[in-house]
Amino acid sequence: MGKYFGTDGFRGEANVDLTVGDAFKVGRFLGWYYGRKHPGVKCRIVIGKDTRRSSYMFEDALSSGITASGADVYLMHVTTTPSVSYITRVDEFDCGVMISASHNPYYDNGIKVINGNGEKLGDDTIERIEEYLDGKIGEIPLAVRDEIGRTVDYASGRNRYIGYLISIARNSFKDKHVALDCANGSASAIAKPVFDALGAHVHIMGNEPNGTNINDKVGSTHLEALQQFVISEGCDIGFAYDGDADRCLAVDEKGHVVNGDKIMYACAVSMKNEGILKKDTVVVTVMSNFGLFKAFDRAGIKYEKTAVGDRYVWENMAQNNYSLGGEQSGHIIFSKHATTGDGILTSINLMDVFVESKQDASKLFEDCPMYPQCLKNVRVSDKNAAMTDPKILEEVDKVGNELGDSGRILYRPSGTEPLVRVMVEAGTEEACEAYVDRVIAVIRESGNAAE
């Protein structure tokens with residue numbers, strides 16, 4: 001994890017932690033860095049953005065920096081992170097940039113950089129960008145005369161991505177009532193046309209972005225709204241996306257939450273039965289629930305664990321040629337179709353499993369009960385200090401020893417925010433919360449909490 005770039009890009013409050021000047025410099029570096037790789041050939045960089053008010057400002061700043069370094073910018077406008085990944089790869093751009101802070105509130109924003117293979121940028125390149133931001137690399141030359149770059153409207157790329165998503169479905173969704181919560185974010189421009197084309201009766205919410213309402217009591221981090229919506233609209237299933245639509249969670253016809261672990265379970269079992277789950281293995285993170293592991297064991301499905309972050313999931317999948325992986329939070333990767341988490345693609349694949357099952361959505365997840373779990377975030381003044389404090393670590397060890405084989409505790413920093421996360425799985429919800437609160441009390445007593 002870098003100084004500025006976390007597990008999912010350079011993220012922070014707009015013009016406080018991540019400024020327009022930072023965006024300009026990132027653009028300057030990218031235009032120069034990728035422009036040098038193919039001398040005599042114009043560098044091409046594609047940019048997408050979510051619906052935050054500051055995304056337009058950062059789009060302009062990035063474009064100015066890139067073109068000032070001599071590269072051309074192609075603008076997809078409001079679109080999803082996975083669409084930028086897809087277009088970067090299939091249209092052979094040198095790199096792609098997505099302007100989004102994902103599930104964060106509207107006043108935050110972020111810069112995600114995607115390499116020419118449609119993958120999140122590697123640590124070596126991130127380190128070079130950060131060196132330039134810190135002034136450790138000499139000044140980059142400005143392009144002059146006909147070497148100056150230009151901006152090109154590339155909304156057609158988003159439209160082709162919509163067509164690609166439609167082509168993935170194996171079934172018609174005719175007669176299925178599907179609720180979509182677009183989080184007032186990127187999915188607002190894409191999800192409904194896809195499900196309309198596939199024949200579903202679409203019931204939509206969270207699709208009126210105004211620049212400041214992204215993720216505001218809607219989307220994958222606020223599922224209560226979708227739960228009520230599915231029941232009130234009489235839907236067969238519902239899907240919730242985050243701000244940039246790279247993650248998806250679901251709600252069954254009874255209003256029950258279906259997290260990423262359950263989505264992976266249903267899809268993995270279906271893929272195994274079809275003989276397309278490579279090596280009968282799914283890649284998950286350390287945050288996946290014990291219940292998923294037990295369900296996989298019963299189904300004869302193997303699993304590998306990585307650090308948290310769909311980037312790490314993808315790296316493992318790519319290295320070992322696995323076909324499915326993801327996170328409990330809803331970042332699910334189907335390697336046949338994508339190199340990163342894709343919320344709308346995930347909902348299409350789960351819809352195929354649902355349609356082919358010829359049963360209620362809730363039946364798909366009955367064999368994958370979740371262990372009680374409690375996860376709480378604590379805002380801290382210094383993540384490194386909080387993660388190395390001997391008193392906190394001692395308490396974490398005590399809880400782990402008390403849980404033994406009947407549960408587990410995870411203590412980890414957020415990759416994108418000044419937070420530490422405390423998660424416990426145990427026999428009861430009460431026990432989970434009590435253990436989590438014990439650790440949080442020590443975090444506060446030790447003076448690490450910023451509250």
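1. Leaving aside its neighbours within four places in sequence, which residues is F239 in contact with? The model is a predicted one, and in it F239 is in contact with V178, A179, L180, D181, F195, L226, C248, L249, A250, S347, L350 and M351, once neighbours within four places in sequence are set aside.

2. F239 also belongs to the largest nonpolar core, which has 68 residues, and it is listed with F195, Y241 and I348 as having the most contacts inside that core. Helix 11 gives the largest share of this core, namely eight residues. Another core lies apart from it and has 33 residues, among them L18, Y33, C43 and V73. As general background, nonpolar side chains in soluble globular proteins tend to be buried together.

3. Helix 11 (343–357) comes up again at the second largest pocket, where it and helix 8 (260–274) are the elements that give two or more residues to the lining. The largest share of that lining, four residues, comes from helix 8. The space in this pocket is about 320 Å³, and 15 residues line it, of which R170, M271, I276, K336 and H337 are the closest to its centre. Sorted by class, the lining has six nonpolar, five polar and four charged residues.

4. Is D50 buried or exposed? D50 counts as buried because its relative accessibility is 0%, where the cut-off for buried is under 20%. The side chain of D50 is joined to that of S100 by a polar contact of 2.8 Å.

5. A last point concerns R150, which is found in the loop between helix 4 (123–133) and strand 7 (151–153). Which residues does R150 touch, not counting those up to four places away in sequence? They are T67, A71, D72, V73 and Y74, and V73 is also one of the residues in the core of 33 residues. For A71, the C-alpha atom is separated from that of R150 by 7.3 Å, although the two residues are 79 residues apart along the chain.

Notes:
Residues are numbered from 1 along each chain as its sequence is written. This is a predicted model: local features need pLDDT of at least 70, side-chain atom pairs count only at pLDDT 80 or more; totals for chains, interfaces and linings use all residues. Side-chain values use heavy atoms; hydrogens and water are left out. On a 1 Å grid over the protein atoms alone, a cavity is a set of points where a 1.4 Å probe fits but cannot get out, and a pocket is an open set with protein on both sides within 12 Å along at least five of seven lines; lining residues have an atom within 4 Å of a point. Grid points are joined across faces, edges and corners, and a volume is the space filled by probe spheres set on the points. Ala, Val, Leu, Ile, Met, Phe, Trp, Tyr, Cys and Pro count as nonpolar, Asp, Glu, Lys and Arg as charged, and the others, Gly among them, as polar. Buried means under 20% relative accessible area, exposed over 50%, partly exposed in between (1.4 Å probe, protein chains only). A polar contact is a pair of N or O atoms within 3.5 Å; within protein, one must be able to donate a hydrogen and the other to accept it, and residues adjacent in sequence count only if both atoms are side-chain atoms. Contact means heavy atoms within 4.5 Å. A nonpolar core is a set of buried Ala, Val, Leu, Ile, Met, Phe, Trp, Tyr and Cys residues joined through side-chain atoms within 4.5 Å.
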